[in-house]
Amino acid sequence: MWIDTHAHLVSEQFRDDVDEVVKRAKEAGVGQVVCVADTAASARGCVALARRHRGVWATAGIHPHHAAEATEADFADLRRLLEGEARAAGGPVVAVGEAGLDFHYDFSPRHVQEDVFRKQIRLAHEFGLPIIMHSRKAEERVLDVLAEEGVPEAGGVLHCFWGSAEVAESALAMGLYLGVGGPVTFKNADDLRSVLKSVPTERLLVETDAPYLAPVPFRGKRNEPAYVVHAGRALAELLGVVESELAAVTSRNAARLFGIDAGE
Ligand code: NI
């Protein structure tokens, strides 16, 4: 069974059929899904979804795109969620995030993005949770900020990894996981594939980033957790590993990072 470690199930695009989407994932061999938040409100949505479905987990965090909108009340809300709903408290929240920096879109001023990112790293430290990081055209800065704040004891993942060999090396040296999704199937991703070839499978997670970045043959369509199988298959082929073996290894990795059962 696979674990989709990154899906935005509380997205407008899943509003009408999220329960069907979760069901389809299970039928496709995706036993567990981490519902990743991008705002405090969506974190509440992820928790509600996780309470409805066995095998669905939640995160609490603010995406860099929304950093400028984040208020003190939002941070207070995140803190309440972490206090009441984190895994250690018997709840479904398994990570802080999605946090990080996006210097491609720059939807929020960079200093605000960085401030909001730092606050979330501190929350991860405080609550003993891993951090899920987004990085676009900002890989070095993300790793520098993380190094300054200190990697949370529970670790972290560079989600949707598409960085250079140097960035991969630094991330691995910091004990981070790399999240691999749809892009590994893209025609124009030879650079990504060549970097991934030298990453040990013990440091890899699979993910969809649904509803975005659907893998081939669904590229351009709405992505959903069931499709993580396609990214996983492409990755197994690339690494010369049997598909079921890669599913088992990456599920164990996800289980270790998020403090859940691998479900084998
Ligand atoms: Ni995401």
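Strands E5 and E6, the latter covering residues 156-158, pair in the parallel sense over three bridges. This is a predicted model. Within that pairing, Met-133 has Leu-158 in E6 as its bridge partner. To get from E5 to E6 the chain passes through helix H5, residues 139-149, and this β-α-β crossover is right-handed.

On to strand E4, residues 93-102. E4 also pairs with E5 in the parallel sense, here over five bridges. Met-133 turns up again, as the bridge partner of Ala-99. E4, helix H4 (residues 110-127) and E5 form a right-handed β-α-β unit.

Next, the nonpolar cores. The largest has 73 residues, and those touching the most other members include Ile-131, Leu-158 and Leu-235. Leaving aside residues up to four places away in sequence, Leu-235 touches Val-180, Val-184, Leu-196, Leu-204, Val-206 and Leu-246. There is also a second, separate core of 16 residues, with Ile-3, Trp-57, Ala-95 and Leu-257 among them.

Last, the nickel ion. Its protein donors are His-6 (NE2), His-8 (NE2), Glu-98 (OE) and Asp-209 (OD), at 2.1 to 2.5 Å. The angles among the four donor atoms run from 81 to 171°, and the site is irregular. His-8 sits in the loop between strand E1 and helix H1, and Asp-209 in the loop between strand E8 and helix H8, so this pair ties together parts 201 residues apart in sequence. His-8 is buried, at 8% relative accessibility. Asp-209 is buried as well, at 9%.

Key:
Residues numbered from 1 in each chain as written. Predicted model: local features only at pLDDT ≥ 70, side-chain atom pairs only at ≥ 80, totals over all residues. Heavy atoms only, no water. Donors = N, O, S within 2.8 Å, 3.2 Å for Na, K, Ca; no water. Tetrahedral: all angles 85-135°; square planar, octahedral: opposite > 155°, others 65-115°. Helix = DSSP H or I, 4+ residues; strand = E, 2+ residues; numbered from the N terminus. Buried < 20%, exposed > 50% of the residue type's maximum accessible area, 1.4 Å probe, protein only. Core = buried A, V, L, I, M, F, W, Y, C linked by side-chain atoms within 4.5 Å. Contact = heavy atoms within 4.5 Å. Pairing = 2+ DSSP bridges. Right-handed = clockwise from strand over helix to strand, strands pointing away.
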